[in-house]
Amino acid sequence: MIVVLGGGPAGRIASIRLAAAGKKVTLVEPGGKSRGIGGQCLHFGCMPVCALNDIARIVIQARRFYEQGMIDAVPALRFSKVMDETLAVQQKIAGILDQETRTAGVDVVYGKAGRVEGRRVFIGDDPVEAEAVIIATGSRPNVPDIPGIDLPGVYTPHTLWDLRELPEKIVIIGGSVMAAEFAYIFNAFGSEVTVLSRSGFLKNLDKHLHAIALKELAGVGIREGTTVTGITGTSKATGVRYSTRGVNASVDAGAVLLAAGLVPNAGMVSGIDKGPGGEIIVNDRMQTSVPGVYACGDVAGAPFLTPVARHEGIVAADNILGKERHMDYSRIPQAIYLAHDIAFCGAGGEGSASLALPGPAGPGTYWSVPYGDTGLAKLFTDPASGEITGMCAAGPAGGVITGYLAFLMQRHITVHDFEEFIEVHPSTDGVQGLAKYASELFRKQDSP
């Protein structure tokens with residue numbers, strides 16, 4: 001038998017792959033059947049953020065149509081209903097995942113915590129014999145040590161769903177993707193949003209995408225270089241104290257959201273090497289320091305991305321099955337979901353050339369033309385070979401475009417390969433047109 005701890009993307013995909021190969025697999029999910037499998041992505045991360053973002057985009061679009069005189073009113077938001085319906089859809093998806101997993105031949109055990117002590121594995125308090133073990137216990141929100149952090153009205157992405165009234169003012173502590181996405185959502189819903197970022201807000205984002213993100217977050221108060229010193233209130237959070245370059249300040253809040261990143265959920269694991277952040281150390285086969293024990297997904301550390309977790313689960317399963325497979329972390333596509341899909345992969349190296357153009361008007365961006373925000377296409381290339389080394393895409397389909405181009409970049413595609421490419425029209429994909437333009441430009445430069 002193979003024991004898999006955790007029913008998130010990594011553990012579930014690994015379980016199905018092993019069961020399909022004829023292995024007896026037990027998947028242990030501590031969350032209970034009432035919540036179901038699906039992990040952080042389904043219950044606290046990607047999926048609920050997408051749910052709220054869908055509504056936020058509709059609200060913003062309705063306001064624009066109203067401003068342009070094309071509709072008579074902007075629909076009022078029923079926040080508590082939004083939260084209830086989000087949970088209802090999550091439960092439906094969890095049921096589908098459960099059925100898929102069991103149909104594949106996996107035995108799913110709910111409501112019991114798994115534990116690993118070196119090579120020994122426990123389900124609840126019971127030790128079990130296992131041919132191999134996969135630890136896929138995910139991650140949890142990073143909760144900084146701040147006075148007042150335990151006050152009612154302070155939320156993490158795991159507890160946010162207890163919120164049933166839209167706060168008039170909300171403070172978001174954090175400066176990366178999670179903070180940006182929730183800031184966009186609550187700003188669209190009508191809350192006054194303040195973001196307190198310890199360093200630079202979205203500091204690693206390409207400069208062109210960064211400018212787009214800030215434009216889409218217009219109306220959000222973003223304060224960088226801040227140190228949060230406390231959350232105020234007695235029976236409930238009422239504000240946040242912070243300092244910026246030694247100057248003390250405070251901001252009122254009806255709710256505080258901690259969006260300060262994730263930490264690996266590896267507290268139930270001992271006798272296995274871990275890194276400084278508590279992540280389980282693995283090699284590129286997802287093997288830990290203990291033979292026969294594998295780890296994949298968020299518990300193995302950054303980049304904390306669902307598609308990466310899924311692929312790590314496949315790598316772990318294949319190596320258990322004796323099929324040597326290695327994890328490749330190059331060219332990992334990523335996205336931030338605001339008004340557009342703000343997506344990117346790779347970057348330009350020394351001597352690379354970059355070209356950027358506004359995204360074309362099309363489905364989902366036609367009515368953005370008056371506001372000058374149809375998105376962006378950007379490529380980083382090697383001028384000598386034309387190889388694409390990085391890209392950015394902001395638009396309604398930016399995430400899809402980036403995922404496919406990342407795959408092609410792993411295969412060293414060049415801008416010249418796009419010379420015969422014919423796109424679907426109408427489309428908001430500006431990347432393929434930019435590649436054709438780059439190919440023509442480089443060939444002209446090489447001409448005598």
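# Close-up views of the predicted model

**View 1. Helix H4, residues 79-103.** Helix H4 runs over 25 residues and reaches 36 Å from its first C-alpha to its last, close to the 36 Å expected at 1.5 Å a residue. That expected span is 1.5 Å times one less than the number of residues in the helix. The model is predicted: local features need pLDDT of at least 70, side-chain atom pairs count only at pLDDT 80 or more, and totals for chains, interfaces and linings use all residues. Residues are numbered from 1 along each chain as its sequence is written, and side-chain values use heavy atoms, with hydrogens and water left out. Helices (H or I, at least four residues) and strands (E, at least two) are DSSP runs, numbered from the N terminus. Directly after H4 comes Gly105, with a positive phi near 105°.

**View 2. The buried residues of H4 and their cover.** Which residues of H4 are buried? They are Phe79, Val82, Met83, Thr86, Gln90, Ala94, Leu97, Asp98 and Thr101. Buried means under 20% relative accessible area, exposed means over 50%, and partly exposed lies in between (1.4 Å probe, protein chains only). What covers these residues? The cover includes helices H1 (9-20), H2 (39-43), H3 (46-67) and H5 (177-189). Strands E2 (25-29) and E3 (106-110) are also among the covering elements.

**View 3. Helix H3 and its packing.** The 22 residues of H3 should span 32 Å at 1.5 Å a residue; the end C-alpha atoms of H3 are 31 Å apart, which agrees. Pro48, Val49, Leu52, Asn53, Ala56, Val59, Ala62 and Arg64 are buried in H3. These buried residues pack against H2, H4, H5 and strand E20 (334-337). Gly69 follows H3 and has a positive phi, near 75°.

**View 4. Asn53 within H3.** Asn53 sits in helix H3. Its relative accessible area is 3%, so Asn53 is buried. Asn53 touches Tyr184, Ile185, Tyr337 and Leu338, not counting residues up to four places away in sequence. Contact here means heavy atoms within 4.5 Å.

**View 5. Gly219 in a loop.** Gly219 lies in the loop between helix H6 (207-216) and strand E12 (221-223). Is Gly219 buried or exposed? With 66% relative accessibility, Gly219 counts as exposed. Its contacts are with Asn187 and Val193, leaving aside neighbours within four places in sequence. From Gly219 to His311 the separation is 92 residues in sequence and 38 Å in space, C-alpha to C-alpha.

**View 6. The loop between E19 and H7.** Pro303 is in the loop between strand E19 (293-295) and helix H7 (306-320). The peptide bond from Ala302 to Pro303 is cis, with omega near 25°. Phe304 is found in the loop between E19 and H7 as well. Phe304 is not a glycine, yet its phi is positive, about 55°. At a relative accessible area of 26%, Phe304 is partly exposed.

**View 7. Arg331, between H7 and E20.** The loop between H7 and E20 holds Arg331. Arg331 has a positive phi of about 60°, although it is not a glycine. Its relative accessibility is 26%, so Arg331 counts as partly exposed.

**View 8. The cis bond at Pro426.** His425 and Pro426 are joined by a cis peptide bond, with omega about 0°. Pro426 is in the loop between helix H8 (398-410) and helix H9 (431-446).

**View 9. The protein as a setting for the close-ups.** The protein has 9 helices and 24 strands. Its radius of gyration is 24 Å, close to the 22 Å that the globule rule gives for 448 residues, so the protein is as compact as a globular protein of that length. The radius is taken over C-alpha atoms, and the rule is 2.2 Å times the number of residues to the power 0.38. The C-alpha atoms fill a box of roughly 65 × 65 × 45 Å along the principal axes. Of the 448 residues, 48% count as buried. Among contacts between residues at least 6 apart in sequence, 65% join residues at least 24 apart.
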